[in-house]
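Here's a quick briefing to keep beside the viewer while you click around.

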Amino acid sequence: MAKGFRNLNRAKPQNYGIGLLAVVGLVALTYVTMSRTAGMRFSVGGAGEFVKAEKRPMCDLSNRKSDICEADGDVRIIGKDTRMVYVAPAGSVDAQGGESWTIKPYARKWDPGSGARVREVTLKLVHGHGEDRRCSVNHTVPAMVFAVGGWTGNYFHDFVDVLVPLFETAHPFGGEVQFLIANMYPPWMDKYRPFFRKLSRYEIIEYDNDDTVRCFRHVTLGLRCTSAEDFQMEPSKSPHGYTMFDFAKFTRSVFSLERSHPLRVGEQTDKKPRLMIITRAQTRRFMNVEEIVRVAEEVGYEVVVAEGDPDISKFSRIVNSCDVLMGVHGSALTNMVFLPTNSVVIQVVPWGNLDWIAGHYFREPSKQMKLNYLEYSINEEETTLTALYPRDHAVFKDPMSLHPQNADWDTFSRIFLKEQNVKLDVRRFRSFLEHALHILKEQPRE
């Protein structure tokens, strides 16, 4: 019997403060020669653990998704005034100061739409500091300064723009790091607070409204992204070899999810594997959910129908209790991160030659998380676009002509992502449900 869980699983992007300027600096109390070609030493792990970066600039601006700045010294952060200053030590090549870098510490720098919602931060080298920058608080742990504006509020972007790069950047500190966060939106922070608490033992400081002069021995400005692709990592570019599998395990630990592996079909004959059907409230909806449920139960599943839940702790437990997750392409498939290792994801790809989107956002990430991936592309008989456009329209005759590279994003998204719903041919789809069941039977033993 299908069980219903209906709620919103994503929110509209929030409108955050725009174009604020921060002056950033680092004060070195000990002699540290720092230049674009000189090496730096900075803490990336627990106490006493250091990595030496040879011949690299203070700021790495080469990544497509994010800029990141790191340096040691006496770091003075004047939060409410949105300033930090780097006072170069006497005798160093930077003693005259003047050089600066300006970044937006949010991991989607290539997207001008998201950047408009994120404060701008300038890291500037200066030769001295005034009385207004005397330390009010001396912190004994490193600091991370970043923003959570942009497209956060959209479930997919919550993960790809913030949580994944935050894991890559903060996890090496083992909880011994202080977060200073710009563009904070309290309901969003409350939703993901367990995630932040798992990465830092210290209360979050709201960067925009803090009027204390805080001093640190090490600062990281921005978030690290090892992959230019969304929802992915490149272990070869990670100082610690992190993978999306590591991120998935970490995320399950954040919400204390008990299942690390799915049901092995055939060994526990009193139980049926659980299939979650992710439904959508408005666009790309399944038009025949009851029919899909009936066929899935005939194949041998216990079925859970869910649209999502704003309570991520609650919903993650429901997802983790399932062995197969299926849904039409969309942000709700981000929930795959809560599935047990070796579970099955079935992505239903809408009409319109959308394989490139399906692969970019979910096919490759699911494989990196050590999930089994199946992809079902609907045919034109399964799309509701047949009720809106004649069969001789480009929608059916030449969908690629309406893709962003040939038309524009608004046209593409309006037709294929907003106007389209899906009525699955359950006889055709049945074989995919059977294949997923076979995968569960053949999963490797631990």
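**The chain at a glance**

Of the 446 residues in the chain, 57% are buried. Keep in mind that this is a predicted model. The chain has 11 helices and 19 strands. Among contacts with a separation of 6 or more, 78% are between residues 24 or more positions apart.

**Confidence**

- The chain has a mean pLDDT of 85, with 81% of its residues at 70 or more.
- Residues 1-57 are the stretch to treat with care here: their pLDDT is below 50. Even so, this stretch has 188 contacts in the model beyond near neighbours in sequence.

**Aromatic pairs**

- The count of aromatic pairs comes to 24.
- One of them is phenylalanine 167 with phenylalanine 250: the ring centres are 5.2 Å apart and the planes sit at 45°, so this pair is tilted.
- That pair ties together distant parts of the chain, with phenylalanine 167 in helix H2 (residues 155-170) and phenylalanine 250 in helix H5 (residues 244-254), 83 residues apart. Both phenylalanine 167 and phenylalanine 250 are buried.
- Another pair is tyrosine 376 with phenylalanine 429, whose ring centres are 5.0 Å apart; the planes are at 90°, so this one is edge-to-face.
- Here, too, distant parts of the chain are linked: tyrosine 376 belongs to strand S19 (residues 372-377) and phenylalanine 429 to helix H11, 53 residues apart. Tyrosine 376 and phenylalanine 429 are both buried.

**Helix H2**

- H2 is mostly covered, with 16 of its 16 residues buried.

**Charges over rings**

- Arginine 64 lies over the face of tryptophan 110, at 4.7 Å from the ring centre.
- Lysine 370 has its charged end over the ring of phenylalanine 245, 4.1 Å from the centre of that ring.

**Threonine 341**

- Look for threonine 341 in the loop between strand S17 (324-328) and strand S18 (344-349).
- Is threonine 341 buried or exposed? Its relative accessibility is 8%, under the 20% cut-off, so threonine 341 counts as buried.
- Leaving out neighbours within four places in sequence, threonine 341 is in contact with Phe245, Arg252, Ser260, His261, Pro262, Lys370 and Leu371. That list includes Phe245 and Lys370, the ring and the charge described in the previous group.
- Threonine 341 and alanine 248 are 93 residues apart along the chain, and their C-alpha atoms are separated by 8.7 Å.

**Glutamine 420**

- Glutamine 420 also sits in a loop, this one between helix H10 (409-418) and helix H11 (426-442).
- With a relative accessibility of 0%, glutamine 420 counts as buried.
- Which residues does glutamine 420 touch, not counting residues up to four places away in sequence? They are Thr283, Arg284, Arg285, Pro350, Trp351, Ile378, Thr383, Thr384, Leu385 and Ile415.

Conventions:
Residues are numbered from 1 along each chain as its sequence is written. This is a predicted model: local features need pLDDT of at least 70, side-chain atom pairs count only at pLDDT 80 or more; totals for chains, interfaces and linings use all residues. Side-chain values use heavy atoms; hydrogens and water are left out. Helices (H or I, at least four residues) and strands (E, at least two) are DSSP runs, numbered from the N terminus. Buried means under 20% relative accessible area, exposed over 50%, partly exposed in between (1.4 Å probe, protein chains only). Contact means heavy atoms within 4.5 Å. Rings of Phe, Tyr and Trp (its six-membered ring) pair if their centres lie within 6.5 Å; planes under 30 degrees apart count as stacked, over 60 as edge-to-face and the rest as tilted. A charge sits over a ring if NZ of Lys or CZ of Arg is within 6 Å of the ring centre and within 35 degrees of the ring normal. pLDDT is the predictor's confidence in each residue, from 0 to 100.
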